[in-house]
Amino acid sequence: MYLALRELRAARGRFLLMGSVVMLVAALVGIVSGFTAGLGNDTVSALRALPATHLVFSADAKSDQFNRSLVGADVLDAWRAEPGVEAAPLGVAITRGTTNRGVEIDLAAFGVEPGSFVAPDPDSGQPVGTTPGGIVVSRKLADKGVHVGDMLTIDRLGTAVRVDGITGSASYGHVPAAYVPLDVWTRLRFGIPGADPNATLPRQFSAVAVRASGSAALPIDRLDAAKGTHTISRGASFAAAPGYSGERVTMNSIQVFLYLIAPLVVGAFFAVWTVQRGPELALLRAMGASRPRLLWITAVQAAIVVAAGAVAGGAVAAGVGLLLGSAVPFSLPPLTLVATLGGVAALGLAGTAITLRRVTAPDPLTMLGAHR
Amino acid sequence: MSLVLSDVTVTLGRGDTRTTVFAGLDAAFAPGHLTALAGPSGSGKSTLLAVAGALLRPDRGSVVLGDRDLAALSDAERARERREHIGYMFQSGNLLSALTSVEQLLAAAYIAGHKPSRLKKRAAEALEEVGLGQRLRHRPDQLSGGERQRVALARALFLGPELLLIDEPTAAVDRGQAAMLVEVIAERARAQGCVAVVATHDPVVIAAADEVVNPAGERVSV
């Protein structure tokens, strides 16, 4: 530590610059992680909150299933008949509306059967369908000014529903979720402006939410073949949410590049630093410094610079989260932040490790006159 | 503790550039006085220092310091000998640019496994002994050439080495500083009671030495 700290002190300008670069990389990784998680939540948190193990779509819907799939009551009945399986209809549609107090909102309408396992428990107010057509809205809509007891008129058909309750901050496709009774959802999805409001509408929905009891895996392929459906796990259904896959690929690519940059930048710095120190490393070797001690000195310097840079970068990322978290989708829990910064630090140190061989390379004989 | 080289053969280079510097060299150096290793450039002075100081292993022969044959030691063991029993003072580039004068000495202690914080006072005293009491907190770029060499001398002697090896100490200092430096070297080397060998072709240094040998190990009359 003795020499490592004194060299750091003497070359503090260079190490500060290096630490600043590590800080910026760490801050960027942290911020991108926050946006990745935040955007992910904004896209699929309503799906993540579904207490279902699988979602059953129509057989022809292989992608973008929530838009493309329509399944009928026969499919629902067939899945309900399976032993060890709970099944409930689920409709998904993005729409918009205005409350009686003039608050304009977009909402992802999740059609659910009141009392079914996919109907959410409200944090405040009453469950879905407590009043005729009563809905439960996401906390995000409450934050926009929608309150229990408000009347919401949903566009296109002018369907009026009462806000019965408020539940967690769920959203779908960057739109706050609202859980509506299935018959209301059917009107939103299939109703035609100007048509007879009493006309019979098809009994169809986007998917059947399935909850398998017990630990045994469902024989999905066999069941799909028998029922003419396409079933995927709840986790796999995230890819069907609008924009989710594209966002993940984009944000993860940025993170991967940042993770690649970290070791290269730190490694390049210590490679140059080691070359600059060559004559002094030769002197230390001549004085009897062992190779492990020289490696230790450099490793300590790298660890201090990388750790300090990563911690400072983490503070910047957390600060950005605090400043922007309420305005943009940003989620950076402490554990994620620590893991992210740990990754940056580990890769930065790995970059240094590449240069360590050079630390012990200087020949102590070069200190003597005949070899200078 | 004496230094005895017996039947030492050193060959440097490879292929066409292969050169035998010493073939069966015998030399002995006694403790307590300063020996000048004199000879023209290229005569092998620095190579002899390298062999004697465990920086270079000879192809053949023994290099016995006290009761240890340095030629028979591994790389790691020779590094240990250097940090614990041998003091070096090189022609130039002796000092670590990041450290103050006191820290140069403490760095040597750190390398040898001592706790630097416990030796601060002793380091300051060692620097005072070479006339640098007012330069304790100066860095190498704040010292003159002669002062830098005196710091290097104080560092070489700081841990009480059995062997002090000095390579062309006056090569990078002016004449006035050279005389002062040589006086300090001779005084400290004798006071320390170690085997002290200085490679030089500077008449000032040769005049200050107790004896003079050539790189063949033969006593030379001056």
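Two strands count as paired here when DSSP finds at least two bridges between them. Keep in mind throughout that this is a predicted model.

View 1. Strand S7 covers residues 163-167 of chain B and strand S8 covers residues 195-200 of chain B; the two run parallel, with five bridges joining them. Look for B:Ile166, which sits opposite B:Val198 in S8(B).

**View 2. Zoom out a bit and the pair turns out to belong to an open sheet of six strands in chain B.** Reading across, the order goes S6-S7-S8-S3-S9-S10, and the pairing is mixed. Strand S6 (86-89) and strand S10 (219-220) of chain B are the edge strands, each with pairing on one side only.

View 3. H5 spans residues 145-158 of chain B and lies across S6 and S7 of chain B, running at about 175° to S6(B). As for helix H6 (residues 175-192) of chain B, its axis and that of H5(B) come within 10 Å and cross at roughly 10°. Since angles under 35 degrees count as roughly parallel, that crossing makes H5(B) roughly parallel to H6(B).

**View 4. Now for the residues where H5(B) and H6(B) meet.** From H5(B) come B:Gly145, B:Gly146, B:Gln149, B:Arg150, B:Leu153 and B:Leu157. Facing them in H6(B) are B:Gln177, B:Met180, B:Leu181, B:Val184, B:Ile185, B:Arg188 and B:Gln192. Sort the residues of this contact by type and you get six nonpolar, five polar and two charged.

**View 5. Chain A meets chain B.** The contact draws 24 residues from chain A and 28 residues from chain B. On the chain A side, helix H1 (2-10) and helix H10 (278-286) each supply at least two of the residues that touch chain B.

View 6. An unreviewed UniProt entry carries the annotation "transmembrane region" for residues 15-39, 256-273, 294-323 and 335-356 of chain A. Residues 15-39 of chain A are 100% helix and 0% strand, with the end C-alpha atoms 35 Å apart. Residues 256-273 of chain A are likewise 100% helix and 0% strand, and their end C-alpha atoms lie 26 Å apart.

**View 7. Last up, the domains of chain A.** The domain assignment puts 2-44 + 245-366 of chain A in domain 1 and 51-233 in domain 2. Between the C-alpha centres of domain 1 and domain 2 of chain A, the distance is 47 Å.

Notes: Residues numbered from 1 in each chain as written. Chains lettered and ligands numbered in written order. Predicted model: local features only at pLDDT ≥ 70, side-chain atom pairs only at ≥ 80, totals over all residues. Helix = DSSP H or I, 4+ residues; strand = E, 2+ residues; numbered from the N terminus. Contact = placed C-beta atoms within 7 Å. Axes fitted to C-alpha atoms, helices over the stretch in contact; angles between N-to-C directions. Parallel < 35°, antiparallel > 145°, perpendicular 65-115°, else oblique. Nonpolar A, V, L, I, M, F, W, Y, C, P; charged D, E, K, R; others polar. UniProt positions renumbered as here; feature names shortened; annotations may be inferred. Domains from an automatic or database assignment.
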